[in-house]
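Please lead me through this structure, taking a few local regions in turn and stating the criteria behind each description.

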Amino acid sequence: MYVIPFLLGPPNSEFSQYGVEITDSAYVAASMKIMTRMGEDVLKNLDDNNWVPCLHSVGKPLSEGEKDVSWPNNSRKYICHFPDEREIISFGSGFGGNAILAKKCFALRLASRMAKDEGWLAEHMVVIGITNPDGVKKYFAAAFPSACGKTNLALLNTSKLPGWKVETIGDDIAWLRYGKNGKLYAVNPENGFFGVASGTSFSTNPIATEMIKKNTIFTNVAKTADGDIFWEGLQDEIPENLTTWRGEKYIEGISKHASHPNSRFCVPIEECPTLDPNYENPKGVPIEGILFGGRRPDLVPLVVESFDWDHGVLLGASINSKPTAAALDVDQEADAIADPFAMKPFLGYNLEDYINHWSNMGKVEDTKPPKIFQVNWFRIDDDGQFIWPGFGTNIRVLEWIFNRCEENDTNAIDTAIGKIPKKLNTNGMDINDAEVKKLFEIDRAEWEDELEKVRHRLTNLMGSGKLPPVIENQIKRVEKNLQDLWDLD
């Protein structure tokens with residue numbers, strides 16, 4: 001049995017939240033040591049009322065004479081959150097967020113309800129600092145569904161655009177509240193990274209691959225004959241005598257996966273080569289822009305700026321993405337799933353109230369809400385190939401977003417669905433004008449159909465069976481724009 005007092009958020013901060021997890025899993029205890037600030041120093045700051053109880057068991061007691069197994073769990077699982085009492089109980093699961101209760105259970109599900117009650121936001125977001133060639137630095141938050149590029153954005157390699165730098169506050173969860181100056185400030189409540197290993201390599205994410213060279217826990221990856229780790233995408237050649245994540249001999253052409261598609265690494269934040277010097281600032285960092293994005297092969301342009309805050313709420317609410325390996329309870333072959341604000345699996349209260357809370361956050365008196373953008377790295381051409389190279393070249397999209405947060409920037413044109421670049425910096429890229437045009441193509445009929453689908457998808461997710469007024473009003477606004485303005489054809 002392990003008793004784990006822990007802190008989420010920077011020490012001595014308005015953001016700080018305390019908890020105590022009791023668990024029978026050594027894996028959980030080791031992971032909590034990485035993902036939170038824990039131990040005796042935290043214990044000294046606990047009192048009778050300022051911490052959240054978190055109870056976890058793998059649910060696999062050993063009968064007399066029964067041999068232990070390497071990954072105990074129970075086929076019957078209960079992951080229970082009690083937002084009114086602010087408690088968490090988890091039984092039967094030994095992996096990830098269902099067991100490391102400070103993560104999604106506390107830092108998102110419980111915290112999102114706490115945030116509503118107290119006037120702040122707990123979000124499934126990256127937080128990064130971007131510095132331009134002139135040395136000007138701005139901070140941004142970005143929400144994407146799991147395995148849709150959050151970690152790649154948080155650990156972005158900017159060599160594709162010399163002079164620019166991206167530094168990391170966090171790759172998964174952000175807590176945001178207004179400061180005394182009216183700006184929205186964010187912290188990363190976690191103290192480590194719990195990233196998707198599958199597909200991570202020096203070619204796709206060199207910073208992440210460098211970061212996990214040591215002091216890292218790997219789960220559900222394959223094992224080489226000499227005791228090293230392996231997953232699909234790590235290198236071109238599959239090592240000989242590989243043991244799969246299931247503990248079976250890997251047979252090429254027969255074994256389905258060497259590692260699980262949702263295999264993970266867990267590494268302390270101090271290992272991050274691009275760690276921002278303000279990652280533990282108790283005040284947080286001021287957010288200039290918020291990005292929303294999913295995995296859309298068509299329709300959604302590479303980048304769009306919202307007309308205003310409430311239009312940005314629509315952009316966040318209408319996130320619609322191809323399913324990923326992290327979403328194990330959905331059809332992986334489905335065209336798309338609705339994932340409002342990338343928070344559908346993590347909300348701790350009613351979606352309608354959540355959307356209204358987001359809208360209200362833009363109307364707090366004497367505040368300066370950040371700009372809101374939507375991005376889509378995954379648009380494909382007629383041959384099914386990605387038009388935009390993604391990964392490190394995404395810094396060129398961030399360059400435009402960065403500049404749009406300057407007061408006097410004019411590099412944007414209004415479209416029916418939002419503002420897009422007049423000119424995107426593609427200098428030196430292997431991309432032609434026709435491809436760039438395709439990235440920003442807006443088809444009126446397709447968008448009218450999409451808006452009706454957004455209505456239908458969100459209505460189905462509402463307990464009341466009707467849309468919040470802010471969503472209906474913004475859908476009607478864009479529909480009117482499509483009728484009255486123009487499309488790019």
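In which helix does Glu210 lie? Glu210 belongs to helix α5, which covers residues 206-211, where helices are DSSP runs of H or I with at least four residues, numbered from the N terminus. The model is a predicted one, in which local features need pLDDT of at least 70 and side-chain atom pairs count only at pLDDT 80 or more, while totals for chains, interfaces and linings use all residues. Residues are numbered from 1 along each chain as its sequence is written, and side-chain values use heavy atoms, with hydrogens and water left out.

With a relative accessible area of 38%, Glu210 is partly exposed, a class that lies between buried (under 20% relative accessible area) and exposed (over 50%), computed with a 1.4 Å probe on protein chains only. Its side chain makes a polar contact of 3.2 Å with the side chain of Lys213; a polar contact is a pair of N or O atoms within 3.5 Å, of which, within protein, one must be able to donate a hydrogen and the other to accept it, and residues adjacent in sequence count only if both atoms are side-chain atoms. Once neighbours within four places in sequence are set aside, Glu210 is in contact with Phe202 and Pro273, contact meaning heavy atoms within 4.5 Å.

Helix α1, residues 26-35, is mostly covered, as seven of its 10 residues are buried. These buried residues are Tyr27, Val28, Ala29, Ser31, Met32, Ile34 and Met35.

A helix pair comes next. The axes of α6 (residues 309-317) and α11 (residues 469-484) come within 9 Å and cross at roughly 100°, the axes being lines fitted to C-alpha atoms over the stretch in contact, with angles running from 0 to 180 degrees between N-to-C directions. Helix α6 is therefore roughly perpendicular to α11, a term that applies to angles of 65 to 115 degrees. On the α6 side, Asp310, His311, Val313, Leu314 and Ala317 meet Val470, Ile471, Gln474, Ile475, Arg477 and Val478 of α11.

The cysteines remain. Taking a disulfide as a pair of cysteine sulfur atoms within 2.5 Å, the count comes to zero. Cys80 is too far for a bond because the closest cysteine sulfur, in Cys105, is 9.6 Å from its own. Cys266 is likewise in no disulfide, the nearest cysteine sulfur, that of Cys272, being 14 Å away, and Cys266 is buried at a relative accessible area of 1%.

Conventions
Helix = DSSP H or I, 4+ residues; strand = E, 2+ residues; numbered from the N terminus. Parallel < 35°, antiparallel > 145°, perpendicular 65-115°, else oblique.
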